[in-house]
Amino acid sequence: MGALLEVSGITVRFGGVTALKEVSFQVNAGEFLCLIGPNGAGKTTLMRAVTGIIKPDAGRVKLDGRDISHRPTHERARLGLALTHQIVRPFRSMTVLDNVALAAGYQRFHHILKAMGSVDRSAERQRARKYLELVGIEDVADKSVVGQPLGVAKRLEVARALALEPKILLLDEPLAGLNSVEAARLADTITGINRDGLTVIMIEHNLGEVLRVSQRLVVLDNGRKIADGLPMEVIQNPSVRAAYVGKESQHAAA
């Protein structure tokens, strides 16, 4: 079976700064891959290039054998890429349920205004409840998103992405800001989603949870890929320890 996602030679420059240089990796269907590296390594930039939020200076992205390199973000979403964001920004005027139903409606109508204006959203609301149950926050479905704790907001972001019915779920630091118990529980939830068959790519700084749940690691440093392989083998790589673990330890000691 060929790779579900193929990223080849992605290079991104911001002015005179090269944020990514010829980064390539692939993900097979059903995999749980974690993308790690020190701050500024280029992880989020890479995911934004994959989803079309930014246009790379060079490189190619293929999804399920189809070249999507020149397709806009909304078309890539319809074809199966869903990206969550580190900073959660739900629609504050809506309930938790309606935030997810809106995402489900976008998949149906392919336009946010049409999704918002749909008179009969019963099907979308039913699907939304299913996704809220899947991520463990169905008990707050009918409450406002305003005032919800960060743990709920993070799970809501995952539910909204799932409502797009993606082929690949891309998660940008979903555990950031959570305490150890919340982080472990959300990591377990994501693992369960992956075990149900959804391919997952997760950017994450919580190395303990990364090593516990991921099947494969891709490591970036200074915009270059420096390692790709099984978690425990990659983390013992001297280049990875110097670039990732070493820098994080120096930062903590400062």
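Helices (DSSP H or I runs of at least four residues) and strands (E runs of at least two) are numbered from the N terminus. The expected span of a helix is 1.5 Å times one less than its number of residues. This is a predicted model: local features need pLDDT of at least 70, side-chain atom pairs count only at pLDDT 80 or more, and totals for chains, interfaces and linings use all residues. Residues are numbered from 1 along each chain as its sequence is written, and side-chain values use heavy atoms, without hydrogens or water.

**View A. Helix H5, residues 122–135.**
At 1.5 Å a residue, the 14 residues of H5 should span 20 Å, and the end C-alpha atoms are 20 Å apart, which agrees. Glu124, Ala128, Tyr131, Leu132 and Val135 are buried in H5 (under 20% relative accessible area; exposed is over 50%, partly exposed in between; 1.4 Å probe, protein chains only). Down the axis of H5, these buried residues fall within an arc of 100 degrees, so they line one face of the helix. The arc is taken from the directions from the helix axis to the C-beta atoms. Exposed Gln126 and Glu133 sit on the face turned away from the buried side of H5. Gly136 follows H5, with a positive phi near 85 degrees.

**View B. Glu209 in helix H8, residues 207–213.**
Glu209 is buried, at a relative accessible area of 11%. Leaving aside neighbours within four places in sequence, Glu209 is in contact with Leu175, Ala183, Ala184 and Ala187 (heavy atoms within 4.5 Å).

**View C. The hairpin of S1 and S2.**
Strands S1 (residues 5–14) and S2 (residues 17–27) pair in the antiparallel sense over 7 bridges (pairing needs at least two DSSP bridges). Arg13 has Thr18 of S2 as its bridge partner. The hairpin has 2 residues between the strands, and Gly15 takes a positive phi near 65 degrees.
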